[in-house]
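Please look over the sequence and the model before reading on.

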Amino acid sequence: QDKHKYSGMVEDCCCDYETVNRVNEEALHPLLQELVKTPFFRYFKVKLWCDCPFWPDDGMCRLRDCSVCECPENEFPESFKKPAHHGLPSDDLVCQEGNPKGAVDRTLDSRAFKGWTETDNPWTNDDETDNAEMTYVNLQLNPERYTGYTGPSARRIWDAVYSENCPKYPSEELCQEERILYKLISGLHSSISIHLAADYLLDEATNKWGQNLSLMYDRVLRYPDRVRNMYFTFLFVLRAVTKAANYLEQAEYETGNPIEDLKTHSLIRQLLYNPKLQAACPLPFDEAKLWKGQSGPELKQKIQGQFRNISALMDCVGCEKCRLWGKLQVLGLGTALEILFSDNGGQPGQTLHRNEVIALTNLLNRLSESIKIAHEMGPTAEAIAEDQ
Ligand code: FAD
């Protein structure tokens, strides 16, 4: 089935599906999996408070300290107090953070942070230089997986992301650049859905986790455009990483652990100058084709504004762990956009914040994993769906 739906070039990109799958599985995915475990890449600085600017009356995200669970006892349903209780969390919870599956385990390795310039990313809403409200999170302890966050609250975020910021595709009038913003968001959405289905709570009573292939099929795999958008997003982010190769190669990865740091640097070089990638897909995406014409600068500003709104919407996500990964991945996308479209993108003079590099790399790893899962599990998931 793969052959029909996903053959030829990934739309708007410069590589075909088969090559992307091969290079990803043979070279990029194993490298990225190693890289995100290193001390430099596993700690992410983030403002986890719900500071939702859009829906002040939303009970889910109103409490600033909701994320550390300063919610009155009576806000928790019984099922949260007794982990073995059956049934999924109800959607009208005042504090979804009370859901243990959605809560973030915070750890800080202060040695891991030093020596990086702090800059504000114009594509995102958060002020990345504002340290006062930030906490540090060990991503390895907080995998992106099923959290039980669902229903109108989650739906409202996605609806706002799509309808308020980038009109539904396919719309013939959309110019290439706006279609790209839609595809990036849709690709990220597919990737999040793949991850929550790949690491799903199958049985709450026994706390059994595993793959839910029917869900993966229903949410993503049955829609070829959603899968294609995920490939597109992967190549877009991969291009940003390789475009910034000079900068990323020379960046400072010291965390006070010389053996680990040496390994980090070596893995980074293997990723940036990967012979398999360079031979098979040297230019994953060609950004030079965009922002041409008279309205170029104006359009770029408009899309930057839209992307900042999407970034601000992440403050309205009513589940802490979803918010963590939402913010990380949106910052990662914002960093990719900055590298590809700022005037000195990827060139001398480019400055990236440490956190941006972490977000970009972890986002690439998430996408790489989603593509691998979709490629490997697609036929089985489809067969299961046909049997039902
Ligand atoms: P949703 O995934 O909410 O989709 C809503 C609608 O968007 C669909 O009905 C469809 O019309 C459209 N749509 C769906 N996918 C695409 C696509 N790829 N491209 C274009 N349109 C699409 N839940 C977790 O369990 N773990 C997480 O880590 C997690 N992270 C999240 C992060 C963010 C930023 C947000 C907003 C939500 C997150 N969620 C997470 C919730 C999850 O994404 C779903 O919203 C939830 O599981 C309910 O799914 P749904 O079936 O209602 O459809």
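Is arginine 145 buried, exposed or partly exposed? Arginine 145 counts as partly exposed because it has 16 C-beta neighbours inside 10 Å; a residue is buried if 20 or more other C-beta atoms lie within 10 Å of its own, exposed if 12 or fewer, and partly exposed in between, with C-beta atoms placed from the backbone.

This is a predicted model, in which local features need pLDDT of at least 70 and side-chain atom pairs count only at pLDDT 80 or more, while totals for chains, interfaces and linings use all residues. Residues are numbered from 1 along each chain as its sequence is written.

**The chain overall**

- The protein chain has 14 helices and four strands; helices (H or I, at least four residues) and strands (E, at least two) are DSSP runs, numbered from the N terminus.
- Of the 388 residues in the protein chain, 42% are buried.
- Among contacts between residues at least 6 apart in sequence, 79% join residues at least 24 apart; two residues are in contact if their C-beta atoms, placed from the backbone, lie within 7 Å.

**Positions listed as binding site**

- An unreviewed UniProt entry gives "binding site" for Arg145, Thr147, Trp158, Ser186, His189 and Arg219; UniProt positions are given in the numbering used here, feature names are shortened, and annotations may be inferred rather than shown by experiment.
- Arginine 145 lies in the loop between β2 (135-138) and α5, and it touches His195, Leu196 and Asp199, not counting residues up to four places away in sequence.
- Arginine 219 belongs to helix α7 and is partly exposed, with 18 other C-beta atoms within 10 Å.
- Leaving aside neighbours within four places in sequence, arginine 219 is in contact with Ser193 and Ala197.

**Positions listed as active site**

- For "active site", the unreviewed UniProt entry lists Cys319 and Cys322.
- Cysteine 319 sits in the loop between α12 (296-313) and α13 (320-341), and it is buried because it has 27 C-beta neighbours inside 10 Å.
- Cysteine 322 is in helix α13 and also counts as buried, with 22 C-beta neighbours inside 10 Å.

**Around the ligand**

- The shell around the ligand holds 23 residues, of which Ala154, Ile157, Ser186, Cys322 and Gly326 come nearest; a residue is near a molecule if its C-beta atom, placed from the backbone, lies within 6 Å of it.
- Two or more residues each come from α5 (152-165), α6 (176-198) and α13.
- Helix α6 gives the most, with six residues.
- The shell divides into 11 nonpolar, seven polar and five charged residues; Ala, Val, Leu, Ile, Met, Phe, Trp, Tyr, Cys and Pro count as nonpolar, Asp, Glu, Lys and Arg as charged, and the others, Gly among them, as polar.

**Helix α7**

- In helix α7 (residues 213-221), Leu213, Met216, Tyr217, Val220 and Leu221 are buried.
- Seen down the axis of α7, these buried residues fall within an arc of 105°, so they line one face of the helix; the arc is that of the directions from the helix axis to the C-beta atoms.

- Strands β3 (residues 200-203) and β4 (residues 208-210) run antiparallel and are joined by three bridges; two strands pair if DSSP finds at least two bridges between them.
- Tyrosine 200 stands opposite glycine 210 in β4.
- Four residues lie between the strands of the hairpin, where asparagine 207 takes a positive phi near 55°.
- Most residues other than glycine have a negative phi.
- Asparagine 207 is exposed, with 11 other C-beta atoms within 10 Å.
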